[in-house]
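Please read the following report alongside the sequence and the model, taking the helices and sheets in turn.

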Amino acid sequence: MSQNNIPYKTYLEESEMPKQWYNVRADMKNKPAPLLNPATLEPMKFEELRPVFCDELIKQEMDDTTPYFDIPQEILDFYKMYRPSPLVRAYFLEKYLDTPAKIYYKFEGNNTSGSHKLNSAIAQAYYAKKQGLKGVTTETGAGQWGTALSMACSYFDLDCEVYMVKCSYEQKPFRREVMRTYGASVTPSPSEKTEVGRKILAEFPGTTGSLGCAISEAVEAATSKEGYRYVLGSVLNQVLLHQSVIGLETKTALDKIGEKADIIIGCAGGGSNLGGLISTFMGEKLRGEADYRIVAVEPASCPSLTRGKFAYDFCDTGKVCPLAKMYTLGNGFIPSANHAGGLRYHGMSSVVSQLYEDKLMEAVSVEQTEVFEAAVKFARVEGILPAPESSHAIKVAINEALKCKETGEEKTIVFGLTGTGYFDMVAYQKYNDGEMSDYIPTEEELEKGFATMPVIDK
């Protein structure tokens, strides 16, 4: 126990676990723009989305007025296997940095999938099973989402087909094998299995792939099979809704120990972890009940918020998905083979994008080697090997704590530790051997990505 009697870990009782998901869109004055049908450029209707998504998930996706959704009992029962997750005071990191700041992290890696992704995977699998489907298809970057979905599908006896970004498929063979152990089939993307995969390979021979490519393949696979639907691990409104359990638990734990966050930091790829962590705090901010400084952290190699455009774009490289208004680098942008595979997406959640556009939050980008430097520091003093994605938040949390050291301010910093990095040892090996490099796309490369965006007057 510390001198101020705040425990190292704050655990909630099972009875304190959220019984409802929180929909931040209900409190947003400027709602996220609707998905558009690429053929008509009109807002997507329920019936138009049915061939791709589960019915109940479509309802959640399109509802921007209902503030809370009850969590079904079967999902709550599954959550109890690993939730509530702990809020940890990073005392050792504070001491190492010699900072007056208080640093907390919400640890989402205490399940076999190793990340927060299971929160939405079990919900989406539940609704697929409830609808009587045979199986689902999906994409995965670093593999956390594919792992989580394979676990959830195994629990509900559903078939699971995963298209894994090719560079991650090669860099993370053990993550791939966990998916297969849970019964999923795993295909490196882009592949020869789908029409869109073959088209992408022909246009970009030797490509290492991207989440946009894998999404295209997974959607095609789902819509070409009877009894299958596509599920997504990030970006969509429904995913941020399910992930709101992270922020709800974080707020309850802080209240329990009498703390208020000043700065809330999350890594940002598609927006699932960040959106889930900040949702309830953003709700308070939107309602004028409290104020927080909220920071999204993205890789400099895939800077959708900090260097992208806020416009309608395809959610996938193959242009088979609806159009979403978001911060984007262009659907044709293929990121470098960054080791934070879960952040290699060309666009950002429409919810997060709108909040950023409305200047309700900040965004920064950081380079790969400095991210791993922060990850190694954290591992050595806090005893957890963090995922590369989470380490982006760690880097900025350290930066903010050092600013407090300079100014003497005693701010409370909260960040999301989205998962563990035990399947990312190739990346750590590259860093330890001094072979890791940084890559920042040039303006010319970004312009090539922007050139692939549709021209829409909306």
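A crossing of two helices is called left-handed if the near helix is turned anticlockwise from the far one by less than a right angle, and right-handed if clockwise. Helices (H or I, at least four residues) and strands (E, at least two) are DSSP runs, numbered from the N terminus. The model is a predicted one, in which local features need pLDDT of at least 70 and side-chain atom pairs count only at pLDDT 80 or more, while totals for chains, interfaces and linings use all residues. Residues are numbered from 1 along each chain as its sequence is written, and side-chain values use heavy atoms, with hydrogens and water left out.

**Helix pairs**

Two packed helices are described by the angle between their axes and the distance between the axes. Axes here are lines fitted to C-alpha atoms, for helices over the stretch in contact, and angles run from 0 to 180 degrees between N-to-C directions. Angles under 35 degrees count as roughly parallel, over 145 as roughly antiparallel, 65 to 115 as roughly perpendicular and the rest as oblique.

| Helix pair | Axis separation | Angle |
|---|---|---|
| α5 (residues 118-130) and α6 | within 8 Å | roughly 40° |
| α2 (residues 55-62) and α11 (residues 237-256) | 7 Å | about 90° |

By these cut-offs α5 and α6 are therefore oblique to each other, and α5 passes α6 in a right-handed crossing. On the α5 side, the contact (heavy atoms within 4.5 Å) is made by Leu118, Ser120, Ala121, Ile122, Gln124 and Ala125, and on the α6 side by residues including Trp145, Leu149, Met151 and Tyr155. The helices α2 and α11 are therefore roughly perpendicular to each other, and here Leu57, Gln60 and Glu61 of α2 meet Asn237, Gln238, Leu241 and His242 of α11.

Four strands form an open sheet in the order β8-β7-β6-β9, with parallel pairing. The edges are taken by β8 and β9 (228-230), each of which has a single partner strand, so one side of each is left without a neighbour in the sheet. Neighbouring strands of this sheet are turned by 20° against each other on average, direction ignored. The parallel strands β7 and β8 are joined by five bridges, and Glu161 has Ser185 in β8 as its bridge partner. Helix α6 packs on the sheet, where it touches β6 and β7, and its direction makes about 165° with that of β6. Helix α10 (residues 211-223) lies across β6, β7, β8 and β9, running at about 170° to β6.

**Helix α8**

Which residues of helix α8 (residues 173-181) are buried? They are Arg175, Arg176, Val178 and Met179, where buried means under 20% relative accessible area, exposed over 50% and partly exposed in between (1.4 Å probe, protein chains only). Seen down the axis of α8, these buried residues fall within an arc of 155°, so they line one face of the helix; the arc is that of the directions from the helix axis to the C-beta atoms. Phe174 and Thr181, on the other side of α8, are exposed. The buried residues of α8 pack against β6 (135-140), α6 (144-155), β7 (159-165), α7 (166-171) and β8 (185-189). Arg176 has a relative accessible area of 17% and, leaving aside its neighbours within four places in sequence, is in contact with Met164, Tyr169 and Val186. Just after α8, Gly183 takes a positive phi of about 100°.

**The seven-stranded sheet**

An open sheet of seven strands, with mixed pairing, has the order β1-β4-β5-β15-β10-β11-β14. In this sheet β1 (9-10) and β14 (362-366) stand at the edges with a single partner strand each, so one side of each is left without a neighbour. Within strand β5 (residues 102-107), five of the six residues are buried, so the strand is largely enclosed by the rest of the structure. Strand β4 (residues 87-89) runs antiparallel to β5 and is joined to it by three bridges, with Val88 standing opposite Tyr105 and Arg89 having Tyr104 as its bridge partner. Six bridges join β5 to strand β15 (residues 412-417), and these two strands run parallel; the bridge partner of Ile103 in β15 is Ile413.

**A loop residue**

Met44 lies in the loop between β2 (20-22) and α1 (46-49) and is buried, with a relative accessible area of 11%. Not counting residues up to four places away in sequence, Met44 touches Leu35, Leu36, Asn37, Leu49, Met62 and Pro322.

Terms used. Two strands pair if DSSP finds at least two bridges between them.
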